[in-house]
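Dear colleague,

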Amino acid sequence: MQTVRLFTDQLIGATASSGFKPIRKEVAHMQLIKPEININFIGNRKMFFMASLVMILITLISLIVHNGPKLGIDFKGGTLIQIKFAAPAHIENIKTGLSTVGLGNSSVQSFGDQQGYEYLIRTDGTVATTEGFSIQMQNALESATTSSLEIRRVEMVGPQVGQDLREKALFAMFFALLFITIYISGRFELKWILSGVVAGVLMGAIYVFNLFDVSIPFLIAAALLVTLVLFWFLELKYAMGAIVALMHDVTITVGIFSILNKDFTLPIIAALLTIIGYSLNDTIIVFDRIRENLRKHHKQSLEFILNRSVNETLSRTILTSITTLIVLVTLFVFGGGIIHDFAFAMIIGVIIGTYSSIYVASPILLAWQIRGKK
Amino acid sequence: MKNLSWKVVMVIAVIVAAFIYLIPTVVPERVKLSDQALSNIRKDGLPNTIINQLSSLKDIQYSSAKDFERNLSSLLQGDQAEQYKSTILQHAEKQTVWPHKKINLGLDLQGGMHLVLEVETIKAVESNIERIGQEMRSLLKKERIRQTGLDRIEGTKLAVRIPDENNLKKFDDFLDTKFKGLRILSRSSQEGVTTVVMDLPDTETDQIKELATRQALETIRNRIDQFGVTEPDIRRQGENRILIQLPGIQDTQRAKDLIGKTALLEFKLLDETYDVNAALKGSLPRGSEILYQVTEDPETNRITRTPYLIKKRTMLTGAHLTDARVQIDSQYGDPYVSLSFDTKGGRIFAKITGDNVKKRLAIVLDDRIYSAPVIQEKITGGQARITGSFTTEEANDLAIALRAGALPAPVIYLEERTVGPSLGADSIRKGLISMIIGGILVVLFMMVYYKGAGIIANTALILNIILIAAGLAGFQATLTLPGIAGIILTIGMAVDANVLIFERIREEMTLGKTPRAAVEAGYDRATLTILDANVTTLIAALVLFQFGTGPIKGFAVTLSLGVIASLFTSLILTRLIFNYFLMNRKVKRLSI
């Protein structure tokens with residue numbers, strides 16, 4: 001009982017029954033962001049719009065220069081082999097060994113810890129499935145590097161499966177965006193019917209485009225464009241703000257991956273979808289506060305309310321980003337090679353997502369006000 | 001207190017249920033080898049010497065599967081020990097703790113092979129047409145209808161050239177009576193010769209394709225069962241694809257070779273009237289083809305390919321086999337595969353050998369010649385053997401493939417993902433390390449930042465992880481490496497709900513509310529926001545679940561479980577803890 005009491009005393013602080021007066025009346029909370037903070041986010045919105053535009057532009061340039069995103073074998077088809085040597089091996093020797101089994105044009109890359117002597121072999125074909133192949137390759141590599149080795153992982157994706165997965169991934173991104181916008185416009189503006197109509201129109205548009213046999217990326221770009229136009233004319237402000245922020249986050253994350261020339265694989269798509277969920281989480285919390293403040297201070301200008309709402313939620317936004325980044329960085333550092341890129345994508349996404357919910361999502365709500373004045 | 005009590009009961013019930021579901025995962029299963037298991041093992045065809053050895057392990061309670069395996073390994077030695085071991089492990093009784101649901105590990109964590117293969121069903125249609133063509137040729141001969149060419153064209157079509165009007169009339173009648181099922185695509189006449197092109201109607205073709213896929217699935221399942229893999233998952237995917245998951249498999253190349261083998265066994269006569277070398281130069285006689293015998297010198301590893309001129313006509317196929325077994329040659333000690341035919345097959349075999357004494361008969365498997373012995377005399381009794389330079393393993397796999405039957409059409413591998421057991425163990429280790437380090441850092445952060453309330457949030461966090469794990473076991477979901485990443489991510493994001501509430505409480509307190517009112521207001525205002533925010537993550541996770549494959553599905557599962565668990569802990573559990581402390585005492589300030 002005594003220990004429980006002690007614990008609860010610590011938890012709640014001094015109590016009336018203890019008979020002691022608290023030394024200070026107000027014990028200061030530990031704070032990263034002071035409650036009375038008032039940064040003029042909205043006033044500086046043009047600057048940040050420019051910054052975002054520049055980042056998106058760089059993304060587009062990088063994508064054009066690299067001829068689209070660099071697809072991993074999940075989407076492109078091909079073979080990936082992860083091998084681990086017992087002793088250090090030279091990449092040159094590995095390549096020589098590979099050329100004796102007809103894999104001369106494959107790329108070899110060191111992988112994971114330097115002490116692990118692990119390498120990734122990537123090649124275009126689907127050789128790994130031919131009878132007796134892995135034994136031949138192992139023998140060839142062992143004689144070329146004079147070190148015994150273990151084949152730890154083989155991934156072979158045929159071109160047909162690659163294409164299927166590519167389409168699946170794009171559809172997943174699209175449907176996630178679609179469902180989320182329906183939810184937001186329904187939930188925030190109580191326009192469930194309208195959002196249902198939007199969804200219906202989109203599905204119809206997709207169906208019609210599909211009849212013309214256009215490629216999937218184009219299809220989805222067209223669908224997104226239709227979505228934005230619909231939201232603009234139906235004045236679904238919150239949905240518009242949210243979806244612009246999401247597209248912003250996904251685009252920039254893709255851009256950074258493209259600039260660093262990293263592969264897009266299935267886990268990266270999972271990361272992008274999670275980023276969508278996460279960034280929206282932030283955005284919704286700000287939007288919720290905006291609605292609350294609209295009721296509370298209905299005489300104030302929208303600009304004031306937006307700024308106040310962003311400031312009030314700033315502490316929470318930063319705190320959650322910190323805890324999320326803490327775990328992601330540990331995953332990045334300790335999680336091993338296979339999960340490395342996933343963690344990296346998430347780290348970028350969380351940073352960009354936090355930025356966008358402050359600087360991108362809310363200022364967009366102002367767009368209609370400015371349009372109304374003209 | 002009254003309105004609190006049902007919540008308390010619910011929270012306790014959930015926590016207790018979570019712990020119960022975790023027991024089977026934490027407590028290792030016990031293994032015992034009973035009489036029943038032994039007799040099942042005997043039924044699976046393990047040699048008596050092994051069964052006798054096994055009786056020393058009988059009726060002993062082993063505290064874990066690993067323990068049992070260790071004992072088994074020290075008992076079994078030799079070439080086939082691995083294979084016997086998996087059969088024995090399959091049959092040994094495993095006693096798990098109630099509720100018998102363990103967390104399943106994905107292939108990326110326990111090691112294993114994931115394969116997607118496509119049945120080339122069009123080949124089944126082609127061989128069907130080929131057979132119809134052969135039948136038509138011999139029937140035409142019988143009915144004395146003249147044809148100047150009967151060939152399979154464009155894969156699945158049959159073109160017959162019929163000279164002479166009179167003849168054509170007879171041919172038409174012949175088609176109407178004997179080959180009603182064929183669809184006539186076109187007729188064209190040139191210099192008195194009419195060419196009729198036919199194929200099978202679409203419904204028929206679809207049926208053949210469907211049947212081929214179903215048969216292939218069944219055959220592959222049989223082969224894998226006989227190969228001895230514990231808990232394989234073999235299922236059809238779409239129209240003509242087959243998905244195979246073989247957890248924990250060691251010799252992946254061997255498994256792949258066995259599964260992918262068409263195993264079409266054919267007996268064909270050698271064409272000894274022509275010279276092979278002339279045929280190689282291009283003058284291939286009609287109705288014959290060149291096939292190779294491939295032999296490998298066991299010492300020099302040199303491969304030699306010997307060409308043979310073989311008559312195209314198949315005399316007998318493996319469809320008439322009743323059994324195929326590995327046997328050891330008594331003279332040289334080489335393994336060979338002995339074949340037993342059914343009655344009809346035996347009769348056909350006797351006729352072939354009787355009609356062709358002193359000629360050579362080739363044993364062809366998947367268009368590769370294994371041997372081409374000279375027929376010494378008529379062979380009755382329905383027995384034959386395949387010899388060749390086999391290792392015991394190769395002979396064994398060939399016997400399995402022949403017993404399970406030929407695939408109705410060749411298969412090609414579309415996708416393969418193999419993870420070695422050591423990499424799987426590595427992934428588990430690294431995942432757990434990141435989880436523990438990340439968890440500790442977040443817990444410390446929350447404690448420093450929110451002090452007393454941080455402890456409440458941390459309690460919720462730990463319970464969260466327990467709930468996710470219990471959910472995985474309870475729903476029999478599969479934990480994958482991205483799944484572990486999902487749990488780690490949840491650790492970071494789950495505190496968000498508590499951060500929202502705590503920040504709100506702080507705000508309310510700066511407005512001058514009493515702790516109790518601040519907590520009430522904090523929870524009330526934050527609840528809706530938290531629900532909204534989490535629904536979106538849930539939407540993303542559900543979409544991922546729908547579209548994702550294997551490991552990614554695992555991520556979607558842990559992420560969804562994490563969201564639901566964190567809603568429960570933050571909205572119900574932590575509020576309950578706050579209320580408990582605030583209700584019983586007159587609290588003047590909060591440690592938050």
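Which residue stands opposite B:I363 in β17(B)? It is B:F267.

This is a predicted model, in which local features need pLDDT of at least 70, side-chain atom pairs count only at pLDDT 80 or more, and totals for chains, interfaces and linings use all residues. Residues are numbered from 1 along each chain as its sequence is written, while chains are lettered from A and ligands numbered from 1 in the order in which they are written.

Strand β17 of chain B covers residues 361–365; helices (H or I, at least four residues) and strands (E, at least two) are DSSP runs, numbered from the N terminus. Five of its five residues are buried, so β17(B) is largely enclosed by the rest of the structure. Here, a residue is buried if 20 or more other C-beta atoms lie within 10 Å of its own, exposed if 12 or fewer, and partly exposed in between, with C-beta atoms placed from the backbone. B:L361, B:I363 and B:L365 point one way from the strand, and B:A362 and B:V364 point the other way.

β17(B) has antiparallel partners, including strand β11 (residues 265–269) of chain B, to which five bridges join it. It also pairs with strand β18 (residues 368–371) of chain B in the antiparallel sense, over three bridges; strands pair if DSSP finds at least two bridges between them. In β18(B), B:I369 is the bridge partner of B:V364. β17(B) and β18(B) form a hairpin with two residues between them, and B:D366 in the turn has a positive phi of about 50 degrees.

I turn next to the contact between the chains. It takes 70 residues from chain A and 71 residues from chain B, two residues being in contact if their C-beta atoms, placed from the backbone, lie within 7 Å. On the side of chain A that touches chain B, the largest share, 13 residues, comes from α10(A). A:E155 has B:R417 in β20(B) as its bridge partner.

Finally, chain B as a whole has 17 helices and 21 strands. Its radius of gyration, taken over C-alpha atoms, is 35 Å, well over the 25 Å that the globule rule (2.2 Å times the number of residues to the power 0.38) gives for 592 residues, so chain B is more spread out than a compact globule. Its C-alpha trace spans about 110 × 65 × 45 Å along its principal axes.

Yours sincerely
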